[in-house]
Structure formats: C-alpha cells, structure tokens
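Please keep the sequence and the 3D view open while reading.

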Amino acid sequence: MTTSQPRPVPPFDVLLPALVDLAEAAGRAIEASRQRGLDVRAKADGSPVGRADTEAHAVIIAGLDQLAPGVPIVSEEGEWPDAADRAGWSTWWLVDPLDGTKEFLAGILDYTVNIALISQGVPVLGVVHASGRAVTYYGARGIGSFRQRDGLTARLAACPPLPGRPLTLVESRSHASPDMDAFLAPYRVGARVAIGSSLKFC
C-alpha cells in the first residue's frame with residue numbers, strides 16, 4: 001500500500017492502455033508460475049493462495065506505483081488498511097491479482113487479473129484479464145467497455161432481455177447453492193452457464 005501524497009491520476013484514455021498492459025504482465029507472471037509448479041497454502045479464512053497470486057500482486061503493485069504514485073492500493077493479497085484510514089480516501093485502487101484461484105489450481109481457465117479505480121466510492125475504470133483464455137476486458141466512465149482478443153478490439157454494450165424469451169443466466173462455477181435455485185424459481189431460465197471468477201461479469 002502506498003501512503004505518500006498522491007499525484008493526480010492520469011486521464012482515463014491514457015491510463016486504460018497502460019492498465020491493460022499491466023494486467024497482461026501480471027497474467028504472464030501467473031502463467032510462468034504455473035510452469036514452475038503450484039505452491040499453495042491456506043489463508044486465515046481457509047481460502048487457497050499460491051505463488052501465482054503473490055507474484056501477480058507484486059507486478060501490479062509496482063506498476064500502479066509507477067502509473068499513479070501515492071494513490072492508495074487495496075489488494076486481495078496485500079495488507080488491508082483500517083476502515084478509519086480508508087474512509088478518508090477519495091480515490092484508490094482495488095486489486096485482485098488472481099481471482100478464481102480454485103479454478104486455476106484445478107486447471108480450469110476461468111481465472112482473472114482484476115484492477116479497478118475507485119472514485120468517491122464508485123468504480124470508474126476497470127480491467128479484467130483472463131490470461132488462460134488470452135482475452136482482456138476493460139472500460140471506463142465516459143469511454144465505454146471493450147474486449148480485446150487475438151489482436152482485435154470490440155466495443156461491448158448491454159441490452160435488456162427480449163420480451164418473452166427465456167433468460168440465460170451466468171452463475172458461479174464454485175458456489176452453486178439451493179438459495180440460487182429458489183431465487184430463480186419465478187423466472188423463465190433457458191440456460192445456466194457456469195463460469196468462475198470475474199469473467200461472469202464480462
């Protein structure tokens with residue numbers, strides 16, 4: 001975590017390409033770690049964490065400190081500052097260096113690098129990179145949302161479901177529950193697609 005006086009965050013159109021590069025660099029660290037073998041332990045809450053998580057964390061923290069020195073960083077694999085300290089932040093980074101660790105350990109490709117910029121309590125910019133699938137999603141307020149794959153970039157847009165058509169539901173691969181089944185009972189669901197990590201939102 002950085003505690004020095006922050007400099008202004010670069011404009012989003014400048015920041016986004018740099019963050020995409022940074023997320024992809026963290027993804028390369030994850031894939032390199034896999035090649036060297038899995039080194040896993042349990043965190044205090046029982047969830048798994050491995051060398052890939054910590055090495056991706058190190059890449060991202062170093063990169064963010066260069067891009068926006070002094071802007072606070074909260075990372076899944078870093079030290080969490082006290083709530084009283086965080087309450088005074090207007091702008092900060094929220095990072096999960098390896099989301100979907102269970103999928104990663106199982107050899108399933110649904111794991112991601114996640115970097116978001118929070119301003120006044122609201123996410124205003126974000127990058128999700130799935131190194132196993134070689135695809136990156138990114139977007140920012142006032143710019144839009146995009147997918148980058150195979151050297152091509154496509155603009156993304158959300159649309160409401162078509163009237164009368166069954167819904168396609170994207171749900172967690174690792175956290176299915178009877179509560180979800182009960183919640184969906186009133187709805188007409190045509191397909192339930194299980195995906196891990198933040199790829200569900202992409």
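**Overall form**

The model is a predicted one. The protein has five helices and eleven strands. Its radius of gyration is 18 Å, close to the 17 Å that the globule rule gives for 202 residues, so the protein is as compact as a globular protein of that length. The C-alpha trace spans about 55 × 40 × 40 Å along the principal axes.

Of the 202 residues, 38% count as buried. Among contacts with a separation of 6 or more, 49% are made by residues 24 or more positions apart.

| Pocket | Volume | Lining residues | Nonpolar | Polar | Charged |
|---|---|---|---|---|---|
| Largest | about 410 Å³ | 19 residues | 13 nonpolar | four polar | two charged |

In the largest pocket, the lining residues nearest the centre are Asn 114, Gly 126, Val 127, Val 128 and Cys 202. Strands S4 (91–99), S5 (112–119), S6 (122–130) and S7 (135–140) are the elements that give two or more residues to this lining. By class, 13 residues of the lining are nonpolar.

Strand S4 and helix H4 (101–106) each supply at least two residues of its lining.

Val 20 is placed in helix H1 (residues 12–36). Its relative accessibility is 5%, so Val 20 counts as buried. What does Val 20 touch, leaving aside its neighbours within four places in sequence? The contacts are with Val 127, Thr 136, Tyr 138 and Gln 148. One of these, Val 127, is also among the residues nearest the centre of the largest pocket. Tyr 138 is 118 residues from Val 20 along the chain, yet the two C-alpha atoms are separated by 7.4 Å.

His 57 lies in helix H2 (residues 51–67). With a relative accessible area of 18%, His 57 is buried, because the cut-off for that class is under 20%. Apart from its neighbours within four places in sequence, His 57 is in contact with Ser 75, Glu 77, Gly 78 and Pro 97.

Two loop residues have a backbone feature worth checking in the 3D view. Phi of Gln 120 is near 55°, a positive value in a residue other than glycine. Gln 120 lies in the loop between S5 and S6. Is this residue buried or exposed? At 61% relative accessibility, Gln 120 counts as exposed.

Ala 134 likewise has a phi near 55°, positive although the residue is not glycine. Its place is in the loop between S6 and S7. The relative accessible area of Ala 134 is 48%, so this residue is partly exposed; the exposed class requires over 50%.

Conventions:
Residues numbered from 1 in each chain as written. Predicted model: local features only at pLDDT ≥ 70, side-chain atom pairs only at ≥ 80, totals over all residues. Heavy atoms only, no water. 1 Å grid on protein atoms, 1.4 Å probe; cavity = no way out; pocket = protein on both sides within 12 Å on 5 of 7 lines; lining within 4 Å. Points joined across faces, edges and corners; volume = space filled by probe spheres on them. Helix = DSSP H or I, 4+ residues; strand = E, 2+ residues; numbered from the N terminus. Nonpolar A, V, L, I, M, F, W, Y, C, P; charged D, E, K, R; others polar. Rg over C-alpha atoms; globule rule 2.2 N^0.38 Å. Buried < 20%, exposed > 50% of the residue type's maximum accessible area, 1.4 Å probe, protein only. Contact = heavy atoms within 4.5 Å.
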